Amino acid sequence: MKKQLLLVLNGKGGVGKSFFAVNFVQYLKDRQIAHAAFDSDNENSTLKRFHPEAVFLNLADPRGLDPMIQALEANRLVVVDCRAASTDLFLNFFAATDLTKLLASLDTVLTLAMPVGAELDSIEQFQRVVRELGNNCCYVIVRNPIQGDALPLFDASKVRQQLKTELGAREISLTRMEPWLVDGLNRTDLTPTAASRHEAFSILDRQRLIMWQRRLYDQIDSAAEVLLPNEKHPTTARPSRRA
């Protein structure tokens, strides 16, 4: 039975990493999929705020990332919300531990769920990761229309074409959530699942959250073969750290 290490990664802040991670972990709970969750941002700990059982990773500790690998001994799925500006730290950890080879010995697939926004910086993060990891992992592009549905810079980028045509990346899209709903969830520390039954939200806003979550879950389902442990999971290549 294959295992899965899923990193929600993009060194650019504000592209929706924690937003996706929070709702993905809620998806796992709603679908009763066993998992372990880790939050690597102990200053702005969004994942742990919404899911208190998530465990902190201390990135200041040289062995701070070890627990996410050790958790694979007891869990088929490990999810990590990677804080902003941590790409180099994770890539250096991969190289120092020959992580892809280690994961292969544990029958574990590495998948990167990478939110992308309209900013050039978030696209450059994709280029950095693809250059370093190449086909040693699976990729899921998470389109996050924070400022509208269009992502013209990313759509025209060479890295998107490379991800889709050479590396077999899957692409899913978040639906923009109304700002008052985002504010309400943050104010109450509730995910859409809990908020859809909570009196703090009006009956229409509860229905809006139900519909938003339904669309998200449909998107996750469409890429389940790379987002979740799967015996037919795509096989990644031998480890190599590209220059």
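Helices (H or I, at least four residues) and strands (E, at least two) are taken as DSSP runs and numbered from the N terminus. The model is predicted, so that local features require pLDDT of at least 70 and side-chain atom pairs count only at pLDDT 80 or more, whereas totals for chains, interfaces and linings use all residues. Residues are numbered from 1 along each chain as its sequence is written, and side-chain values use heavy atoms, with hydrogens and water left out.

Helix H6 (residues 120-133) comprises 14 residues and spans 20 Å from its first C-alpha to its last, close to the 20 Å expected at 1.5 Å a residue; the expected span is 1.5 Å times one less than the number of residues. Buried residues are those under 20% relative accessible area, exposed ones lie over 50%, and partly exposed ones fall in between (1.4 Å probe, protein chains only). In H6 the buried residues are Ser122, Ile123, Phe126, Val129, Val130, Glu132 and Leu133. These buried residues pack against helix H4 (87-97), strand S5 (108-116), strand S6 (138-143), helix H7 (152-155) and helix H8 (158-165), contact being defined as heavy atoms within 4.5 Å. Gly134, which follows H6, has a positive phi, near 50°.

Positive phi values also occur in residues other than glycine. Ala85, in the loop between strand S4 (77-81) and H4, has a phi near 60° and is exposed, with a relative accessible area of 70%. Asp107 lies in the loop between helix H5 (99-105) and S5; its phi is near 55°, and at 32% relative accessibility Asp107 is partly exposed. Most residues other than glycine have a negative phi.

Helices H9 (residues 179-188) and H11 (residues 203-222) pack at an angle of about 95°, with their axes 11 Å apart. H9 is therefore roughly perpendicular to H11, a term covering angles of 65 to 115 degrees. Axes are lines fitted to C-alpha atoms, for helices over the stretch in contact, and angles run from 0 to 180 degrees between N-to-C directions. Trp180, Leu181 and Leu185 of H9 meet Asp205, Arg208 and Leu209 of H11 in this contact.

With a disulfide defined as a pair of cysteine sulfur atoms within 2.5 Å, the count is 0. The sulfur of Cys82 is too far for a bond because the closest cysteine sulfur, in Cys137, is 12 Å away; Cys82 is buried, with a relative accessible area of 0%. The sulfur of Cys138 is 6.9 Å from its closest cysteine sulfur, in Cys137, and is likewise too far for a bond. Cys138 is buried, at 8% relative accessibility.

Definitions and conventions: Parallel < 35°, antiparallel > 145°, perpendicular 65-115°, else oblique.
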